[in-house]
Each structure stands twice: as C-alpha cells, then as structure tokens.
Amino acid sequence: MWFFILAELSVFAILILAFAVTQQLKPQLFAESRQLLDSSTGLAMTLSLLSAGLLAALAQERVRRGRPRQGAALLLAALLVATVYLLLKLGEYRHLLGLGLGLEHNTFFTLYWILTGFHFLHVLLGMLIFAWLAQRCLRGRYGADNPSGFESGVLYWHMVDLVWVLLFPLVYVLD
Amino acid sequence: MSAGRFLLSCWVALAGLSVGTVWLGSWLGQGAPRGLTLLILLLAVAKAWLIADGFMELRHGPRLWRWLLLGWPLALALTRQFHVGLGRLRGLDAQCGAVAAATAGR
C-alpha cells in the first residue's frame, strides 16, 4: 500500500508543480482566474475531507479494539461527510461550466480541471472503498485480529486528504 | 491521551490551520507583507505533517516512510518558493537591463 501511495503522490507532485510553475509564467492570468473561484467553498470542502478522515481514523481504532460494528457506523458517517465535498465540488464544476470556464477556457482552468478533476476521481474511489469496508465490517470480516485490509483502505483516504491540503492553498488562495 | 482524543486534537488543529489559511489569503494583494505567501505554504506543510504523523500514524512507522511522507509537502512548498524567487530575480534582471539601456541611450 505504501508503494502505491508513494506512486500516487509522485503523480500529484508533477501536476502540482506544473500548476505552480505555470502560475509564475502567467501570474496576471492566474490572479484574475482565481478570483472566479470561491475560497470559502474551498474551505468547506477542506473541512469535509478532513472530517471524513477523522471519522475513518476513529473507525480504525474501533476495529482494532474488536468493535467492527461501531467501525462500520463511523465509516458510514465518514461517507456521509465526504458526500458534502462531493456535492460542493459538483456545484462548483456546474457553476464554472455555466460561466463557460471549461477545460479549454485558459491555461489556469486547463490545469484547474486536470488537477482538481484527478483529485475528485480519487475522492470517489475513496468513498467506494469506505462503502466496501463498511459492508465487510458489518459481516465481521475485520476485527482486532485482522485489521490490515481495513487500515489500507483508510490509509488511501488519508493520502487523498494529504494531497488536498497542498492543492487547496495553491489553487484557491495563493497569488 | 487516548487515541480518540489525540485524533480529535489533530482534527481541531487541521481545521484551525485551514481557517487560518483562508484568513491569511484574504490579506494577499492588499499590501500584505512579503512573507505571507511563505507562511500560507508553511501552514499547508504543517497540515500535511499532522495528517502523516497523526491520521496515518507514521510517528510510529518506519523511519524511511515517515521521512518520505513528511518530505513530500516540504519539497513541493520549497520548490514552489524557489521558483517564485527565481521569477522575482528574472524580473529584477529585466528591470536592471532596461535601466542600463536607457542610461546608455542618453
């Protein structure tokens, strides 16, 4: 799992650096385009992802203590909280598309769509993993003796959070 | 401190740093001090470290993986700042060139 995480982080690093370098080449364009994004929506998305991460970490603790049903409940809560991110992001995408700010509008939005879209797909996969882990927990497949599969799934979500905390200031905040 | 309480403390710190990022960001472009961008990046690195050491439990993990995960956000932030610095130097260089050309023209 750690090798997979490292590979994913390397891909995201290339995309994040491409965004940062292009920003230096076209600072005016990036500053103007960024004003079309709402940083408070970005903050709400951040809090949603981090809260889902907290609930998943708490679920892991319960599974390790041999309480998989409580773990499943916490994971379902994490799934619910992550849905807030999903709805906010889809709302933002719809808003931008409504303004004609698609992938080909300018360099900022090309990189915005690639970077956030790639991350969005990872969040979707993370939510699917949560749902899968929760149903396996309810069937008693994870417990104090065998939490490793569960831990790997939760670790994937934390990687998604880790990428977002770097991506958020770069895309929404920094001029 | 129990594991639950520790995780909750990490989350409170992460939420606080996230709100701080947006608050500091609102000062950008309004005659803000030069180091503000760097400060916002450092907040992002601190958040990444909290996730790696707190949520991912790398504080108990193998040293190599820990340093790789802690180094990832730091390397990105430093590379970005290095590039910003380089951009400023190039701008300064171009300005100096323009001044020298104007002086020589007189």
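How many salt bridges are there between chain A and chain B? The count is one. It joins Glu57(B) to Arg64(A), and the closest N and O atoms of that pair sit 2.7 Å apart. Before I go on, a reminder for everyone: this is a predicted model.

OK, so let's stay with the interface for a moment. Chain A puts 41 residues into the contact, and chain B puts in 34 residues. Together the two chains bury about 3,500 Å², with 81% of that on carbon and sulfur atoms.

Next up, the aromatics. Over all chains, I get 22 aromatic pairs. One of them is Tyr93(A) with Phe120(A), an edge-to-face pair, 5.7 Å from centre to centre and with 70 degrees between the planes. Where do those two sit? Tyr93(A) is in helix H4 of chain A, residues 68-98, while Phe120(A) is in helix H5, residues 107-138, so this pair ties together parts that are 27 residues apart in sequence. Are they buried or exposed? Tyr93(A) is buried, at 9% relative accessibility, and Phe120(A) is buried too, at 10%.

Now over to chain B for another edge-to-face pair, Trp23(B) and Trp27(B), at 5.9 Å between centres and 75 degrees between planes. Here Trp23(B) is exposed, with a relative accessible area of 52%, and Trp27(B) comes out as partly exposed at 42%. Also in chain B, have a look at Arg66(B), which lies over the face of Trp67(B), 5.5 Å from the ring centre.

Back in chain A, Tyr93(A) and Phe120(A) belong to one aromatic cluster. Its other members include Phe19(A), Phe30(A), Tyr85(A), Trp113(A), Trp164(A) and Tyr172(A).

Phe19(A) takes us to my last stop, helix H1 of chain A. That helix runs over residues 2-25, and its 24 residues should span 34 Å at 1.5 Å a residue; the end C-alpha atoms are 34 Å apart, so the two agree. Which residues of H1(A) are buried? Phe19(A) is on the list, along with Ile5(A), Glu8(A), Leu9(A), Phe12(A), Ala13(A), Ile16(A), Ala20(A), Thr22(A) and Gln23(A). If you're wondering about the spacing in that list, an α-helix has 3.6 residues a turn, so residues three or four places apart point the same way.

That's my tour, thanks.

Technical notes
Residues are numbered from 1 along each chain as its sequence is written. Chains are lettered from A and ligands numbered from 1 in the order in which they are written. This is a predicted model: local features need pLDDT of at least 70, side-chain atom pairs count only at pLDDT 80 or more; totals for chains, interfaces and linings use all residues. Side-chain values use heavy atoms; hydrogens and water are left out. Rings of Phe, Tyr and Trp (its six-membered ring) pair if their centres lie within 6.5 Å; planes under 30 degrees apart count as stacked, over 60 as edge-to-face and the rest as tilted. Helices (H or I, at least four residues) and strands (E, at least two) are DSSP runs, numbered from the N terminus. Buried means under 20% relative accessible area, exposed over 50%, partly exposed in between (1.4 Å probe, protein chains only). A charge sits over a ring if NZ of Lys or CZ of Arg is within 6 Å of the ring centre and within 35 degrees of the ring normal. The expected span of a helix is 1.5 Å times one less than its number of residues. Contact means heavy atoms within 4.5 Å. Buried area is the accessible area (1.4 Å probe) that two parts lose on being put together, summed over both. A salt bridge is a side-chain nitrogen of Lys or Arg within 4 Å of a carboxyl oxygen of Asp or Glu.
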